[in-house]
Amino acid sequence: TNSILTNSVLSQPPGATGRAGMNISTPANEISNDMLPEKQKKKCHLKPKEFSAILVCVVIVSIVIGIVCSVTMTGGNNASRMTDVNNLIVSMLGEDVLADEGSPQNLAAKWVSDEDEKMVNLEDANELIERYILAVLYFSTGGTQWYKDLGFLSSDHHCDWKDKEDGGVFCDNDGKVTRIELNRNHLVGMFPPDLCHLSNLDFLYLDTNFLSGRIPVHIGCLVGLKELTIHQNRLVGSIPSEINNLTSLTLLDLGGNKLSGSIPPEIGRLLDLDTLSLDRNKLSGDIPPEIGDLLNLQYVYLDKNELSGKIPSQIEHLTKLKNLVFSENQLSGTISSGIGGLTQLTHLFLEYNNLSGSIPSELANIIDLKELAIEGNEKINGTVPLSFRNFKSGVKIFIDKTDLHGSIHFLCDVANMKEIHADCDKIQCSCWT
């Protein structure tokens, strides 16, 4: 066979080519690149610049693929976490936050799910829920417009969202929210019902802001609340009867709003209450007699409303009262002599109503009285009781713009009488000017 092949090769004309396209007259170990076809030359002979370009392309493609995979995985993880957060909120609070896109609840859920740098573990359910509720408060009340953000929505633990001088969020030793203080901080919008899920909340102070809308009935679930002050806002509507569930309240201040309707009789169930302030609203109707059940009451402010009817006699049961302020309403009837039994009173303000009759002499039994205001009741008549000379502390008396007459010269020698405001065209003021 070898001799035949040799003869065949030797018999080829010079320059002849075989099937492979090479000059078969040249030995295989002597084949040069110049003898290769053009296609094979390009595959085997890469210039340095071309090789670098290919390498760069490979790196770029790898990076792009990595980014796409990372984004895809992250998006999947975020979607999964958001679903888990929603399921947790539904199970604990009964709210489907994914149902109402753009609501404060929805924004808060997205924040705790995707944007909260602390990225609380779902296993820490109580912490996550409290951060969610506080975020709802932030989004419900225009948090971006607050005068001071107090650290809200920061990566700090929510118990550190505060300033010692300006308030914020305060917690107990177990890290549960017990006090929220956001007075004078330009809160706008609606009072969020979600706050009722802060089961350890004892004190809620939202004074002097721009909150509007109604007081939510859900507020009745804050059964451990001790002090609630929302005065000087723009709340409307009636006081919800569910407030009777707040049996631990010692302070209730809803003054300076636009609340209307009557004072709910259920308020008489707040037996620990020592301060009730409903002044400067548009409340109407009678003062409920159930107010007399509040035996721990020391301060009651119902002034500047549209209350009518008589002063309930049950008021006489409130022997711990220090301030009784019913001025600037439409109250009628007489001043009960029983009020003289409220010997702890320091301020008794009944001015500018429709009260009638005489001033009971028993009022002089309130020996520590500092101010007595009856002016503006045009139907109050008779004379100033002689017993008024028995007042033992420096007292101011306002009895002008009434139908009183007679003389008050017997008060000239009363050392503790600081001021008397009377109509000296009707009353002989003598030493008083």
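Asp423 touches Asp400, Lys401 and Thr402, leaving aside residues up to four places away in sequence, where contact means heavy atoms within 4.5 Å. The structure is a predicted model, in which local features need pLDDT of at least 70 and side-chain atom pairs count only at pLDDT 80 or more, whereas totals for chains, interfaces and linings use all residues. Residues are numbered from 1 along each chain as its sequence is written, and side-chain values use heavy atoms, with hydrogens and water left out.

Asp423 is found in the loop between β23 and β24 (427-428); helices (H or I, at least four residues) and strands (E, at least two) are DSSP runs, numbered from the N terminus. At 18% relative accessibility, Asp423 counts as buried, a term that denotes under 20% relative accessible area, with exposed meaning over 50% and partly exposed in between (1.4 Å probe, protein chains only). The C-alpha atoms of Asp423 and His405 are 8.5 Å apart in space, and the two residues are 18 apart in sequence. Asp400, a contact of Asp423, is placed in the loop between β21 and β22 (403-407). Asp400 is likewise buried, its relative accessible area being 17%. Beyond four places in sequence, the contacts of Asp400 are Glu375, Gly376, His421, Ala422 and Asp423. A separation of 20 residues in sequence lies between Asp400 and Ile420, and their C-alpha atoms are 8.8 Å apart.

The protein as a whole has 5 helices and 24 strands. Of its 433 residues, 43% count as buried. Among contacts with a separation of 6 or more, 47% join residues 24 or more positions apart.

The largest nonpolar core holds 103 residues; such a core is a set of buried Ala, Val, Leu, Ile, Met, Phe, Trp, Tyr and Cys residues joined through side-chain atoms within 4.5 Å. Tyr132, Ile180, Leu252, Leu324, Phe326 and Phe388 touch the most other members of this core. At least two core residues each are supplied by α3 (48-93), α4 (104-115), α5 (125-140), β3 (177-181), β21 (395-398) and β23 (417-421). The greatest contribution to this core, 10 residues, comes from α5. Ile180 touches Leu134, Leu137, Gly168, Leu195, Leu198, Leu201, Phe203, Leu204 and Tyr205, not counting residues up to four places away in sequence.

Helix α5 is mostly covered, with 14 of its 16 residues buried. The expected span of a helix is 1.5 Å times one less than its number of residues. For the 16 residues of α5 this span is 22 Å, which agrees with the 22 Å between its end C-alpha atoms. Ile133 is found in α5 and counts as buried because its relative accessibility is 0%. Apart from neighbours within four places in sequence, Ile133 is in contact with Leu93, Asp194, Leu195, His197 and Leu198. Ile133 and Pro104 are 29 residues apart in sequence, with a C-alpha to C-alpha distance of 9.8 Å. Just after α5, Gly142 takes a positive phi of about 65°.

Most residues other than glycine have a negative phi. Leu153, in the loop between α5 and β1 (162-163), has a positive phi near 65°. Lys304 also is not a glycine and has a positive phi, of about 60°. Lys304 lies in the loop between β13 (299-301) and β14 (306-310) and is partly exposed, with a relative accessible area of 40%.

Thr275 is placed in strand β11 (residues 275-277). With a relative accessibility of 14%, Thr275 counts as buried. Not counting residues up to four places away in sequence, Thr275 touches Thr250, Leu251, Leu252, Leu297 and Tyr299. Leu252 is also one of the residues that touch the most other members of the largest nonpolar core.

A cavity is a set of points, on a 1 Å grid over the protein atoms alone, where a 1.4 Å probe fits but cannot get out. The count comes to 1 cavity of 30 Å³ or more. The largest cavity has a volume of about 30 Å³, the volume being the space filled by probe spheres set on the points, which are joined across faces, edges and corners. Its lining (residues with an atom within 4 Å of a point) consists of Ile311, Pro312, Ser313, Ile315, Glu316, Ser336 and Ile339. This lining divides into 4 nonpolar, 2 polar and 1 charged residues; Ala, Val, Leu, Ile, Met, Phe, Trp, Tyr, Cys and Pro count as nonpolar, Asp, Glu, Lys and Arg as charged, and the others, Gly among them, as polar.

Technical notes
1 Å grid on protein atoms, 1.4 Å probe; cavity = no way out; pocket = protein on both sides within 12 Å on 5 of 7 lines; lining within 4 Å.
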